[in-house]
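Keep the sequence and the model side by side as you read.

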Amino acid sequence: FTKSFLLLLVLLNPFTLSVYLQDLVSTLSLRQFTAQLLRAALISVAVFLLFAWAGDSIFEDVLQVRFASFLIFGGVTFLIIGIRLILGSGPPVDALRPGSDEVSASIAMPFLVGPGTISASVLAGSRLPFPAAGLAIVLALASALAAILLIKILHDAVHTGHERLVQRYVIVAGRVTALFTGSFAIEMIFNGLERWYQVFHSVT
């Protein structure tokens with residue numbers, strides 16, 4: 001339970017999300033930001049619980065793709081995001097603008113619901129009974145969102161008089177995030193390749 005909780009919490013890294021959501025953090029009020037975040041959380045938790053309950057079968061029986069293929073593609077996607085962060089540009093999402101009608105959906109995907117968090121949900125469902133896996137997922141998501149709201153509160157408190165400090169935090173957090181994102185991307189690709197090798201080896 002602890003491993004499943006911590007894995008999803010690390011993948012939902014609130015420092016990473018605060019960089020991705022910097023435009024919203026800077027422009028929305030705390031009440032507006034909280035409302036958008038809660039809507040995104042409801043969408044995300046529904047997806048996570050579905051994958052924790054269905055597991056690999058949702059890929060192989062419904063989507064008709066191997067979970068290994070999803071891991072490899074997700075790893076490549078994560079790697080591209082990591083490279084963009086290293087170069088100083090986050091993933092472009094046009095709908096992620098304060099005035100957009102799709103803000104909560106754009107927060108949910110790809111920032112909360114992504115290859116890494118879906119993989120972690122599947123893993124939680126395979127490790128634990130569904131009620132325990134669901135609890136781990138809900139607690140991890142709630143902890144991450146609470147941390148993001150705390151960052152928002154701190155940002156609002158220091159932004160007016162310490163704008164340069166805030167900008168430096170965004171730059172440093174983005175670079176650190178890129179290292180973690182790229183490393184986890186490589187790990188996902190290797191896990192996918194290992195699963196492919198196991199299937200190939202069992203057939204031969």
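**How the helices pack**

Helix α4 (residues 30-54) and helix α8 (residues 115-127) have axes that come within 7 Å and cross at roughly 45 degrees. The axes are lines fitted to C-alpha atoms, for helices over the stretch in contact, and angles run from 0 to 180 degrees between N-to-C directions. α4 and α8 are therefore oblique to each other. On this scale, angles under 35 degrees are roughly parallel, those over 145 roughly antiparallel, those from 65 to 115 roughly perpendicular, and the rest oblique. The crossing of α4 past α8 is right-handed. That term applies if the near helix is turned clockwise from the far one by less than a right angle; anticlockwise makes a crossing left-handed. On the α4 side, Phe-48, Phe-51 and Ala-52 make the contact. On the α8 side, Thr-117, Ile-118, Ser-121, Val-122 and Gly-125 make it. Contact means heavy atoms within 4.5 Å. By class, this contact has five nonpolar, three polar and no charged residues. Ala, Val, Leu, Ile, Met, Phe, Trp, Tyr, Cys and Pro count as nonpolar, Asp, Glu, Lys and Arg as charged, and the others, Gly among them, as polar.

The model is predicted: local features need pLDDT of at least 70, side-chain atom pairs count only at pLDDT 80 or more, and totals for chains, interfaces and linings use all residues. Residues are numbered from 1 along each chain as its sequence is written, and side-chain values use heavy atoms, with hydrogens and water left out.

Now the overall layout. The protein has 10 helices and zero strands. Helices (H or I, at least four residues) and strands (E, at least two) are DSSP runs, numbered from the N terminus. Of the 204 residues, 44% are buried. Buried means under 20% relative accessible area, exposed over 50%, and partly exposed in between, with a 1.4 Å probe and protein chains only. Take the contacts with a separation of 6 or more: 84% of them join residues 24 or more positions apart.

Return to α8, this time with another partner. Helix α6 (residues 67-86) packs with α8 at an angle of about 145 degrees, and their axes are 9 Å apart. From α6 come Phe-67, Phe-70, Leu-71, Gly-74 and Phe-78. They meet Pro-115, Gly-116, Ile-118, Ser-119 and Val-122 of α8. The class count for α6 with α8 is seven nonpolar, three polar and no charged residues.

Which residues does Ser-119 contact beyond its neighbours within four places in sequence? They are Phe-67, Phe-70, Leu-71 and Met-188. Ser-119 is found in α8. Ser-119 is buried, with a relative accessible area of 11%.

Helix α1 (residues 2-11) has Ser-4, Phe-5, Leu-8 and Leu-11 as its buried residues. Viewed down the α1 axis, they fall within an arc of 140 degrees, so they line one face of the helix. The arc is that of the directions from the helix axis to the C-beta atoms. Thr-2 and Lys-3 are exposed, on the face of α1 turned away from its buried side.

α1 packs with helix α9 (residues 130-158). Their axes come within 8 Å and cross at roughly 35 degrees. α1 passes α9 in a right-handed crossing. Ser-4, Phe-5, Leu-8 and Leu-9 of α1 meet Ala-136, Ile-137, Leu-139, Ala-140, Ser-143 and Ala-144 of α9. By class, that is eight nonpolar, two polar and no charged residues.

Leu-8 deserves a look. Its relative accessible area is 2%, and Leu-8 is buried. Leu-8 touches Thr-117, Ala-120, Ile-137 and Ala-140, not counting residues up to four places away in sequence. Leu-8 and Thr-117 are 109 residues apart in sequence, yet 6.1 Å apart in space, C-alpha to C-alpha.

Is Lys-152 buried or exposed? At 1% relative accessibility, Lys-152 counts as buried. Lys-152 sits in α9. Leaving aside neighbours within four places in sequence, Lys-152 is in contact with Leu-24, Val-25, Leu-28, Ser-29, Leu-30 and Phe-33. Ser-26 lies 126 residues from Lys-152 along the chain, with 8.3 Å between their C-alpha atoms.

Finish at Asp-56, in the loop between α4 and α5 (57-63). Asp-56 has 27% relative accessibility and counts as partly exposed. Asp-56 touches Phe-67, Val-122 and Arg-195, not counting residues up to four places away in sequence.
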